[in-house]
Amino acid sequence: DVIRIFAEVRAQKDCKLMLVGDGPDRYACERLCRELHLCNDVIFLGKVRDTVHVLEIVDVFLLPSETESFGLAALEAMAVGVPVVSSNTGGIPEVNEHGVSGFLADVGDTSQMAQYVLELLKEEKLSKMKAGARQVAQKFDLSVVLPKYEALYRKLVQK
């Protein structure tokens with residue numbers, strides 16, 4: 001789905017796609033890039049230990065997952081100010097706030113996701129969403145979340 005989204009975006013805007021990881025779908029992704037004539041615009045980075053360096057140079061993070069328990073990868077992107085276009089499945093909507101830190105679309109709706117990416121790539125929208133992404137990510141900062149867990153544990157132990 002990421003490559004199909006990119007193909008729609010690339011048809012309207014000059015841009016590049018960076019893919020991180022070496023999962024079992026890499027060969028299929030490389031083949032799809034060849035079929036769609038995108039090889040010159042897709043960069044396969046492979047395994048990356050410190051993704052912050054990659055996230056610091058990208059404009060949009062795509063997470064079109066079919067299932068996702070929380071969306072930690074999206075949160076990591078948002079923490080460095082990268083807006084997210086993602087599926088509205090699992091725990092992702094808890095992390096990615098539609099219209100604030102990025103956009104949510106139905107699973108498999110690659111056309112809608114491509115439109116959201118194009119919207120984000122407009123300069124005035126991108127700067128606003130970058131700030132929104134950082135702001136939403138702060139809600140999950142350890143200094144905010146840890147006291148909530150501790151309070152919950154104390155409450156449970158008292159019972």
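1. Helix 1 touches helix 6 through Arg-4, Ile-5, Glu-8 and Val-9. Their partners in helix 6 are Thr-110, Ser-111, Met-113, Ala-114, Val-117 and Leu-118. By class, this contact comprises 6 nonpolar, 2 polar and 2 charged residues. The model is predicted.

2. On geometry, helix 1 spans residues 2–10 and helix 6 spans residues 110–120. They pack at about 50 degrees, and their axes lie 8 Å apart. Helix 1 is therefore oblique to helix 6. The crossing of helix 1 past helix 6 is right-handed.

3. Which residues of helix 4 are buried? Helix 4 covers residues 72–79, and Ala-74, Leu-75, Ala-77 and Met-78 are buried there. Viewed down the axis of helix 4, the buried residues fall within an arc of 160 degrees, so they line one face of the helix.

4. What do the buried residues of helix 4 pack against? The helices are helix 3 (52–55), helix 5 (92–95) and helix 7 (123–138). Strand 3 (61–63) and strand 4 (84–87) also take part. Gly-81 follows helix 4, and its phi is positive, near 85 degrees.

5. Thr-51 sits in the loop between strand 2 (42–46) and helix 3. Its relative accessibility is 26%, so Thr-51 counts as partly exposed. Setting aside neighbours within four places in sequence, Thr-51 contacts Val-20 and Glu-76. Thr-51 and Ala-77 are 26 residues apart along the chain, with 8.9 Å between their C-alpha atoms.

Terms used: Residues numbered from 1 in each chain as written. Predicted model: local features only at pLDDT ≥ 70, side-chain atom pairs only at ≥ 80, totals over all residues. Heavy atoms only, no water. Axes fitted to C-alpha atoms, helices over the stretch in contact; angles between N-to-C directions. Helix = DSSP H or I, 4+ residues; strand = E, 2+ residues; numbered from the N terminus. Parallel < 35°, antiparallel > 145°, perpendicular 65-115°, else oblique. Left-handed = near helix turned anticlockwise from the far one by under 90°. Contact = heavy atoms within 4.5 Å. Nonpolar A, V, L, I, M, F, W, Y, C, P; charged D, E, K, R; others polar. Buried < 20%, exposed > 50% of the residue type's maximum accessible area, 1.4 Å probe, protein only. Arc of directions from axis to C-beta.
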